[in-house]
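Let's take a friendly walk through a protein model. Have the sequence and the 3D view ready as you read.

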Amino acid sequence: MMDRITIRKPDDWHLHVRDGAMLNAVMRYTAHHFGRAIIMPNLIPPVTTIADAVAYRERVMAAVPEGSDFRPLMTCYLTDRTDPDEIERGFRGGVFTAVKLYPVGATTNSAYGVTDFEKIRPVLARMEKIGMRLLIHGEEASDPSIDVFDREATFIERRLHPMTRAYPALRIVLEHLSSKAAVDYVRAAAPQVGGTITPYHLMLNRTDMLGYGIRPYYYCMPILKRERDRLALLQAATSGESCFFLGTDSAPHPVAAKLAMCGCAGLFNAPVAIETYAEIFDRAGALDKLEAFASLNGPAHYALPPNDATITLERGDWTAPDEVAVDGPEERAIIFRGGETVAWRVVSA
Ligand code: DOR
Ligand code: ZN
């Protein structure tokens, strides 16, 4: 039995750190363990210009603890009106690493998202030409006749598959895979399409969320699915296949926003993320595949070098903290697995 593992430092290819007091409260958790992270642009208002992203990057860097080598990779929020020239300038200038597509209404702060896929054609064509990655929240949310549990599969069929045909050289990340349908699709569309997988989609199914009382802290988008979907995700993540890689989708919210008559989607897992992945891989007998998933496959999809630094994890129980304090009226954010025993811990990073 392996009790200790050293791997190249992981990257988080999908992360929400918010802004202001929340950013200052949560940034350190990711910076401690990860080399880089793709920073989601769904602020209010969203990050849609080079100037927005430069300013946001400065605020993110100001929240990174001193001495950390962590590097944020910024993204541009795609709208119906995004200008391809702005995207290209931001990419060539090293500000934008990728563009993020939210279908309008699909999740938290997606009100400015894409309403008409015809309108984004010039941007996609330009991204294909310059070799820039498109990150997709892959859910068909604008058609109320689509069941919430089918939104991902429907999006793949109606939107994603045609997009891969129309722009064969456009590299895509389908984010936070949640279903067997998504796993199968990514595998078939690789290497053009890669997929990130969260720790909570690997750990939980919809019965965990709804079967023993309603657990608003397990509510996220895409919504947790059946056990057979979780098993397909687990098999994919632990397979070592290069199209699957780490993206936590850690998404802190103030308590009042989660525990409301209409609560918002998102689960704050950064404080337990790499430890939870290690625990999941260990339980699956696949610790030898953790480095590929966490530290190698993502950079390869982005054509970036992996990190030189390493991280060491060790088997050993610790109790996850319940919450982090946030300055001001937001007060606190509840942590995924808070109060639970986590079976792996980081000993050096
Ligand atoms: O559950 C989610 N929360 N899914 C998303 O796609 C966005 C995120 C958020 O920003 O809170
Ligand atoms: Zn997200």
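Here we look at one strand with its neighbours, and then at a metal site.

Keep in mind that this is a predicted model. Begin with strand β4, which covers residues 71–77. Six of its seven residues are buried, so the strand is mostly covered, given that buried means under 20% relative accessible area.

How does the chain get from β3 to β4? The path leads through helix α2, residues 50–63, and this β-α-β crossover is right-handed. From β4 the chain then goes through helix α3, residues 84–92, to reach β5, and this crossover is right-handed too.

Now turn to the zinc ion (ligand 2). Which protein atoms are its donors? They are NE2 of H14, NE2 of H16 and OD of D249, lying 2.0 to 2.1 Å from the zinc ion. Along the chain, these donors follow the spacing H-x1-H-x232-D. H14 sits in strand β2 (residues 12–15), while D249 belongs to the loop between β9 (244–246) and α10 (255–258), so this pair ties together parts that are 235 residues apart in sequence.

Are H14 and D249 buried or exposed? H14 has a relative accessible area of 1%, so it is buried. D249 is buried as well, with a relative accessible area of 6%.

Key: Residues are numbered from 1 along each chain as its sequence is written. Chains are lettered from A and ligands numbered from 1 in the order in which they are written. This is a predicted model: local features need pLDDT of at least 70, side-chain atom pairs count only at pLDDT 80 or more; totals for chains, interfaces and linings use all residues. Side-chain values use heavy atoms; hydrogens and water are left out. Buried means under 20% relative accessible area, exposed over 50%, partly exposed in between (1.4 Å probe, protein chains only). Helices (H or I, at least four residues) and strands (E, at least two) are DSSP runs, numbered from the N terminus. A crossover is right-handed if, with the strands pointing away from the viewer, the path from the first strand over the helix to the second runs clockwise. Donors are N, O and S atoms within 2.8 Å of the metal (3.2 Å for Na, K and Ca); water is not among the atoms, so sites may look incomplete.
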